[in-house]
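Here is my note on the model you sent. Please read it with the structure open.

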Amino acid sequence: MRPVVTLTVNPAIDAACIADEVVPMRKVRTRDERYDPGGGGLNVARMVRALGGEAIAFYLAGGLTGQALEGLIEDCGIASVRVPIAGQTRVSHTVFETSTGHEFRFTPEGPEVTAAECHNCLEVLSILNCDYFIVSGSLARGMPPDFYASVAKLAKARGGKVVLDSSGVALHRTLAEGVYLVKPSKRELENLLGRKAATPADEEALARELVERGGAEIVALTLGGDGAVLASREGVLRLASPQIHARSAVGAGDAFLGAMVWALANGRTIDHAFTYGVAAGAATAMTPGTEQGSREDIERLVAGLTS
């Protein structure tokens, strides 16, 4: 397979740890600290790599934290292209409280990106030559709402299949450009189409409608513990999530997308690739903090879903 290419415009150093109790106005002592490269596209690239595939991660980063992020990406063995910006790359924190089983997630807004830096990013991306190009995560502050649409147009002009995972205005604008695959949550899909999905039949109808409108050839609607729905011109498929002991929701959606695209890039059918996505999301939910599901767990869950 050719390398899967990802873009992350608002990445983070994802820090995770464990505390016995989170108490206001007191020093909270933590243990089992872990640091990973984070942000949608980087998490997708990590999953592709974990499954034995190749990924090239484009990302914006700046300041001393940007340098640290670059080192973490190198430690993961992911080929990458850093697009420099002036602002400091954000650091997010996830704290698991053992006394309650609650998970606390702190997500900074991240740096502001200038118009010149946006233009430079598009210039760097002009070298794109890939089969699958994944645009994942939120836009950085200062970026125009049609930035992802511009990126999608550029990638499609060079023959790439664009895969999108974003929200809000960026999601709307990029779907107007048209993509190969989009992975909305239930709330994002409801916001896109302007009505609620009260039942499973409603969920499937909304996913089909998005395909029929032409915004995406494939819709992979993720529903957390309720599994996922796949819609395309060929029809609709629903998969229940495997029965697991969930420990953290961090990165599960990105793992889903990474595994699904990895499978597609390896010539699997859409349905089989979808199964890998559901399995990878569940396997990642089984792990603490920012850790991703292992290939062994994913293959085991895939076998269970297809038996």
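1. **The four-stranded sheet.** An open, mixed sheet runs in the order S3-S2-S6-S7. Its edges are strand S3 (30–38) and strand S7 (102–106), each pairing on one side only. Neighbouring strands here are turned by 15° against each other on average, direction ignored. Helices (H or I, at least four residues) and strands (E, at least two) are DSSP runs, numbered from the N terminus. Two strands pair if DSSP finds at least two bridges between them.

2. **Basis of the values.** This is a predicted model, in which local features need pLDDT of at least 70 and side-chain atom pairs count only at pLDDT 80 or more, while totals for chains, interfaces and linings use all residues. Residues are numbered from 1 along each chain as its sequence is written, and side-chain values use heavy atoms, with hydrogens and water left out.

3. **Inside that sheet.** Strand S2 (residues 12–19) pairs with strand S6 (residues 90–97) in the parallel sense, over eight bridges. Opposite Asp14 stands Ser92 in S6.

4. **Helices across it.** Helix H1 (residues 40–50) lies across S2 and S3 and runs at about 95° to S3. Helix H2 (residues 63–75) lies across S2, S3 and S6, at about 85° to S3. Axes are lines fitted to C-alpha atoms, for helices over the stretch in contact; angles run from 0 to 180 degrees between N-to-C directions. Contact means heavy atoms within 4.5 Å.

5. **The nine-stranded sheet.** The order is S5-S4-S1-S8-S9-S10-S11-S12-S13, again open and mixed. Strand S5 (79–84) and S13 are the edges; each has a single partner strand, so one side of each lacks a neighbour in the sheet.

6. **Two strand pairs to check.** Strand S8 (residues 132–136) and strand S9 (residues 161–165) run parallel, joined by five bridges. Val135 faces Leu164 in S9. Strand S12 (residues 228–232) and strand S13 (residues 235–239) run antiparallel, also over five bridges. A hairpin of two residues links S12 to S13, and Val229 stands opposite Arg238 in S13.

7. What does helix H8 (residues 252–265) touch? Its partners are strand S1 (4–8), S8, S9, strand S10 (179–182), strand S11 (216–222) and S12. The direction of H8 makes about 170° with that of S8. Helix H9 (residues 270–285) touches S10, S11, S12 and S13, and its direction makes about 155° with that of S12.

8. **A buried site.** Thr174 lies in helix H5 (residues 168–177). Thr174 is buried at 1% relative accessible area (buried: under 20%; exposed: over 50%; partly exposed in between; 1.4 Å probe, protein chains only). Leaving out residues up to four places away in sequence, Thr174 touches Tyr148, Ala149, Ala152, Leu164 and Val179. Tyr148 is itself buried, at 0%, and Phe147 is buried at 1%.

9. **Aromatic pairs.** The whole structure holds four. In one, the rings of Phe147 and Tyr148 have centres 6.4 Å apart and planes at 50°, so the pair is tilted. Rings of Phe, Tyr and Trp (its six-membered ring) pair if their centres lie within 6.5 Å; planes under 30 degrees apart are stacked, over 60 edge-to-face, the rest tilted.

10. **Overall.** The protein chain has ten helices and 13 strands. Its C-alpha atoms fill a box of roughly 55 × 45 × 40 Å, along the principal axes. Of its 307 residues, 52% count as buried.
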